[in-house]
Amino acid sequence: MEALVKESKTSVSKKVMTGAEAVICSLLEEDVDTIFGYPGGAIMPIYDALYQYQDQINHVLVRHEQGATHAAQGYARVVSNKVGVVFATSGPGATNLITGIADAQIDSTPLVCITGQVPSALLGTDAFQETDVIGISMPVTKWNHQVSDAREIPEVLAKAFYIAKSGRPGPVLIDITKDAQFASLEFEYKKCQNIRTYHPRPVLNKERLKEAADLINKAQQPFLLLGQGVLLSHAQDTLRKFIEKADIPTAWTILGLSALDHDHPLNVGMLGMHGNYAPNVLTNECDLLIAVGMRFDDRVTGDLSRYATQAKVIHIEIDPSEIDKNVKTDVAVVADANEALEALIPLVKKAKHQEWRQKFADLHKIEEEKIIKKDLYPHEQGIKMGEVVRRISEQTKGEAIVVTDVGQHQMSSARYYNFKKSHSNVTSGGLGTMGFALPAAMGAKIGCPHREVVAIIGDGGFQMTLQELGTIYQYDIPVKVVILNNGFLGMVRQWQQLFFEKRYSFTEMKNPEFTTIARGFSIESEKITSRDQLDDAISAMLEHPGAYLLDVVVEKEENVFPMVPSGAAVSEIRME
């Protein structure tokens with residue numbers, strides 16, 4: 001694993017080289033230390049050029065191109081100011097990237113994906129392994145570009161990195177024809193500092209700030225919603241100072257999770273469909289809603305026509321396209337979250353909202369009695385997902401990076417892992433991609449080799465990308481993998497139970513022995529079926545120096561509550 005962590009070095013400027021070598025030297029100029037990829041015919045010249053730079057840049061050979069994008073996402077999500085880099089060949093190699101690129105786009109993850117393409121003379125001829133990856137990827141990239149002239153490569157890649165990581169981050173795809181990879185150029189690299197028609201960092205409007213501060217100072221029942229924008233702008237400390245001064249209860253979206261310490265007295269829990277009872281109900285009772293770095297996703301708002309209609313709304317968001325898209329705002333502050341909050345702190349008055357905060361505490365007690373105690377301290381024979389997550393949280397002291405994809409395991413992890421460090425929750429939020437977690441955990445561990453990385457995955461999602469166990473084996477990546485195994489596509493089954501009269505249409509799964517598969521990749525593993533095995537099994541997993549797979553057979557038809565039914569108002573959240 002330590003061999004994967006290498007320092008990048010500066011490449012030589014003003015040297016005649018091929019386009020393929022220019023790609024590698026451009027990456028070195030951007031301090032790239034890791035590439036996730038899969039070679040093939042159309043990108044072979046770039047891989048040949050990479051061969052001579054192996055001491056300066058690490059390449060991780062994944063087992064499927066989708067795994068490369070998810071691994072790059074995991075890497076970028078845990079390493080500050082780094083861009084995940086992906087290589088793939090043309091045709092199916094390029095199209096296999098699309099799911100991960102779409103996931104990165106909606107979750108604001110900076111990626112630079114470089115694909116090989118057939119020679120420019122063959123473009124549009126349906127040549128072997130030719131696809132229009134530019135046309136295919138356009139809706140799910142922040143920017144894409146096809147290079148057919150080797151001289152363009154340094155400038156285009158500099159622009160790609162700047163666009164990917166500036167403003168609201170996102171994925172960029174650069175498609176390079178094979179002849180451009182072979183052609184020569186005089187290499188000179190200049191990092192991109194600005195683009196004339198692109199303004200990623202809005203100018204802070206002081207009048208809007210004053211209007212926002214006035215609403216905050218007048219509010220009796222203010223409520224703040226934080227999203228991933230707080231993490232992307234490194235605004236965690238600023239946010240804490242702001243809410244402490246104004247005494248504002250604060251809830252988080254699933255992508256904002258870990259931006260505020262779990263134990264902070266103003267942290268009132270998770271928003272949304274499977275969020276906590278108090279923040280959902282009281283969204284429709286607050287008199288001021290302050291949204292910071294979040295986009296009012298439908299999983300957060302429920303029925304928009306009945307969402308916080310009684311409240312004034314302040315929206316702090318760097319992407320102007322998100323303003324008024326779903327929820328009409330009274331004051332829009334188009335800005336970097338950290339910059340806006342820093343400017344607001346001196347404008348807001350120190351306040352106390354004890355009665356308002358007590359409402360959150362009272363509703364939390366209801367949820368604790370009806371749901372949380374049953375999830376964490378069950379009397380049933382079967383193991384519950386929540387108790388597995390909480391015991392992992394306890395044994396890792398809340399300091400691990402937890403990686404999930406989508407489903408019941410994701411919601412249980414968000415609800416019951418007590419995060420103590422920021423940038424610790426890596427999940428597929430907006431796209432909800434099954435199969436995200438295993439490769440993303442690899443990337444997270446490579447990005448943060450000295451932190452514990454635990455992938456908590458459902459049995460369905462695990463089987464979508466389990467081939468990446470081969471990558472974990474080859475590169476000795478010591479991730480811990482916990483499968484919450486209920487023999488169902490659990491979240492879909494829950495909906496079928498509640499809304500389709502228990503017609504379990506093609507959601508039950510006959511699973512293989514996951515421990516046998518793990519052993520085939522020389523990965524230590526254990527399967528447990530009873531509660532009395534749980535603590536020792538988790539300890540054994542965490543104490544093992546290498547990769548480890550723990551298959552936990554959980555209650556087969558457990559449901560995740562609370563739940564806001566589709567189309568309902570957030571205040572109509574169900575406890576059972």
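Student: What makes the second largest cavity a cavity, and what is its volume?

Tutor: It has a volume of about 40 Å³. On a 1 Å grid over the protein atoms alone, a cavity is a set of points where a 1.4 Å probe fits but cannot get out. The volume is the space filled by probe spheres set on the points, which are joined across faces, edges and corners. Note that this is a predicted model: local features need pLDDT of at least 70, side-chain atom pairs count only at pLDDT 80 or more, and totals for chains, interfaces and linings use all residues. Residues are numbered from 1 along each chain as its sequence is written, and side-chain values use heavy atoms, with hydrogens and water left out.

Student: Which residues line the second largest cavity?

Tutor: D375, G386, S412, R415, Y416, E558, N559, V560 and F561 do. They count as lining because each has an atom within 4 Å of a point. Helix α17 gives the largest share, three residues. Helices (H or I, at least four residues) and strands (E, at least two) are DSSP runs, numbered from the N terminus.

Student: How do you know the classes in the lining of the second largest cavity?

Tutor: Ala, Val, Leu, Ile, Met, Phe, Trp, Tyr, Cys and Pro count as nonpolar, Asp, Glu, Lys and Arg as charged, and the others, Gly among them, as polar. On that rule the lining has three nonpolar, three polar and three charged residues.

Student: How many cavities of 30 Å³ or more are there?

Tutor: Two, from a search of the whole structure.

Student: What makes β5 mostly covered?

Tutor: Seven of its seven residues are buried. Buried means under 20% relative accessible area, against over 50% for exposed and in between for partly exposed (1.4 Å probe, protein chains only). In a regular strand the side chains alternate between the two faces of the sheet. Here L111, C113, T115 and Q117 are buried on one side, and V112, I114 and G116 on the other.

Student: How do you know that β5 pairs with β4?

Tutor: Two strands pair if DSSP finds at least two bridges between them. Five bridges join β4 to β5, so the two strands pair. F87 stands opposite I114 in β5. Seven bridges join β5 to β7, also running parallel. T115 stands opposite D175 there.

Student: Which order do the strands of this open sheet take?

Tutor: It is β3-β2-β4-β5-β7-β6, with parallel pairing. The edge strands are β3 (58–61) and β6 (143–147), each pairing on one side only. The twist averages 20° from one strand to the next. Helix α1 (residues 19–29) packs on the sheet, touching β2, β4, β5 and β7, and its direction makes about 170° with that of β4. Contact means heavy atoms within 4.5 Å. Axes are lines fitted to C-alpha atoms, for helices over the stretch in contact, and angles run from 0 to 180 degrees between N-to-C directions.

Student: Why do β16 and β19 stand at the edges?

Tutor: That sheet has the order β16-β15-β17-β18-β20-β19. Each of the two has a single partner strand, so one side of each is left without a neighbour in the sheet. For β19 the partner is β20, joined by five bridges. K527 stands opposite D551 in β20. Helix α23 (residues 534–543) lies across β17, β18, β19 and β20, at about 165° to β20.

Student: Which residues of helix α21 are buried?

Tutor: G490, M491, R493, Q494 and Q496. Their cover includes α17 (408–416). Just after α21, E501 takes a positive phi of about 55°.

Terms used:
1 Å grid on protein atoms, 1.4 Å probe; cavity = no way out; pocket = protein on both sides within 12 Å on 5 of 7 lines; lining within 4 Å.
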